[in-house]
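Hi there,

Here is the structure I promised to pass on. My notes on what turned up in it follow below.

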Amino acid sequence: MRLRRLSAPTLATAITRYVAEVSPLKKGTATERSIARTWLCTRLAGRPVDRIRNTDLIAIRDDWSANYKAATIVRRLAFLSHVFTVLRKDWGWPDLANPVELVRRPTVDDARDRRLYKQIRLRGVPESECPRSEFEWVMQATQSKELPVIATLAAESLMRRSEICGIRRERVDLRYGIVFLPDTKNGTARRVPLTPWALEVLRQFLAGKPLRGNIFSMKPSSVTRAFIRARRRARKNYEALCAKYGRKPQPEYFKNLRLHDLRHEATSTLAPVLEMHQLAKTGGWKDTRMLLRYYHPDGRELARKIARSSLGRQQIAQIKRLQSASLSRPRD
C-alpha cells in the first residue's frame, strides 16, 4: 500500500508554530513576534511553504524597499530563513528548499559616527540659560525621572539600552562602582565599571530605594520613545532661545541624534583611558572590529595627544631650535 505524502504546512502555520516554540528561547522574542506579524500580513501567508519561490520573496523585498530601511528588510528575510531552517532540520521536512537563500539581501550601511556637540554657545548668553552640550539640553527637556539616569549610564558605561533597563539593585556595587550583568546580548556575563560621574548619579538615584529588584521601571522601547520626545523638545527650546536673542540656530544641533549614539560617545570617551582589550570586555564585544565601529575619535583630541607625546615634544623642540637659529642668523 502506497503511503500518502503529507501536505506541507502553510507559511502562516509554520510561523505561528515557530513563534510559539522557537522564539521564546531567544533574547529577541518581542522583535521576532513583530517580524512574524509582518509576514503573516503578506500574500504568502496562506501558501504552502513548498510552493514559495525566491521570485515571490524578491517581489516582496522590492515592495518593502520603497518604504523601509535595508536593515529592516534584512532582519525580516533572516527571520523567514530561520523558519525554513527549523522546518528542514527539526520539523521533518529535510527536502524542503530554502527560497530565502536565493534572494539578494539589500546592503546595510548602518555605521554611525555621530558624536555629541559639546560647545553650544550664544554670545553673551550665560551657560545657565544656554547649556553647552546637547546631552544637557535633552535631559533638561525630558519629563521622565528615569531617562536622565539611564542616558547617563549609556553615555558613561558602554552598557546597552536593554542591559541598563535590566539592572537589578542587588547587582550594583556602589562601593567599588561596578554593575554585574549576568545576561547580555552576546550571552556572556560581564562586570561593568562605572565612571565617577555615572557612579554618583546612580548613587543619588538609588538613595532610599529597595535593596533588591529592578532599579528602573521603563522598558527599552519606552526609553527610546522618551529620548526622541526629549530631543524634539530640546530642539524647540534651543530655537526659542535663539529667537529670543535674535540669533540664527545651528541646523546640525539635535539633528539625527539617537539614544544608541550615547554608546558610541561612551566608547570614544573611554578609548583613551582603557586598553583595547579592556574596552572590548567592558562593552561586551567579542570582535574588536565591532568595537572600531563605535570608536570615533575627535581629530583635535588626537592632535593634542600627539603633541603631548614624546614624539610631539621632540618635534616641537626641534622646531624651536630651528626658529632660534633662524632668528640668530645675520641678515645681508
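Cysteine 165 is buried, with a relative accessible area of 7%; here buried means under 20% relative accessible area, exposed over 50% and partly exposed in between, using a 1.4 Å probe and protein chains only. Please keep in mind that this is a predicted model, where local features need pLDDT of at least 70, side-chain atom pairs count only at pLDDT 80 or more, and totals for chains, interfaces and linings use all residues. Residues are numbered from 1 along each chain as its sequence is written, and side-chain values use heavy atoms, with hydrogens and water left out.

The cysteine sits in helix H7. Helices (H or I, at least four residues) and strands (E, at least two) are DSSP runs numbered from the N terminus. Setting aside neighbours within four places in sequence, cysteine 165 touches Phe216, Met218, Lys219, Pro220 and Val223, where contact means heavy atoms within 4.5 Å. Proline 126 is 39 residues from cysteine 165 in sequence, and their C-alpha atoms are 35 Å apart in space.

**The chain as a whole**

The secondary structure comes to 14 helices and 3 strands. The radius of gyration is 27 Å, whereas a compact globule of 332 residues would have one near 20 Å; the radius is taken over C-alpha atoms, and the globule rule is 2.2 Å times the number of residues to the power 0.38. Along the principal axes, the C-alpha atoms fill a box of roughly 115 × 65 × 45 Å. Buried residues make up 40% of the 332 in the chain. If you look at contacts between residues at least 6 apart in sequence, 65% join residues at least 24 apart.

**Two nonpolar cores**

A nonpolar core is a set of buried Ala, Val, Leu, Ile, Met, Phe, Trp, Tyr and Cys residues joined through side-chain atoms within 4.5 Å. The largest has 49 residues, and those with the most contacts inside it are Leu153, Met159, Ile167, Leu202 and Leu262. At least two residues of this core come from each of H5 (134-141), H6 (147-157), H7 (161-165), strand S2 (178-181), H8 (196-206) and H9 (220-244). H9 gives the largest share, with 8 residues. A second, separate core has 29 residues, including Val19, Ile35, Leu44 and Ile60.

**Helix H10**

Helix H10 (residues 261-270) is mostly covered, with 9 of its 10 residues buried. Among these buried residues are the charged-type side chains Asp261, Arg263 and Glu265. The buried residues of H10 pack against H5, H6, H9, H11 (276-283) and H12 (288-294). One of them, leucine 262, is in contact with Leu116, Phe135, Ala151, Ala154, Ala155 and Phe227, leaving aside neighbours within four places in sequence.

**Two positive phi values**

Leucine 158 has phi near 75 degrees, a positive value in a residue other than glycine. This leucine is found in the loop between H6 and H7 and is buried, at 0% relative accessible area. Asparagine 256 also has a positive phi, near 60 degrees, and is likewise a residue other than glycine. The asparagine lies in the loop between H9 and H10 and counts as partly exposed, at 43% relative accessibility.

Enjoy looking through the model!
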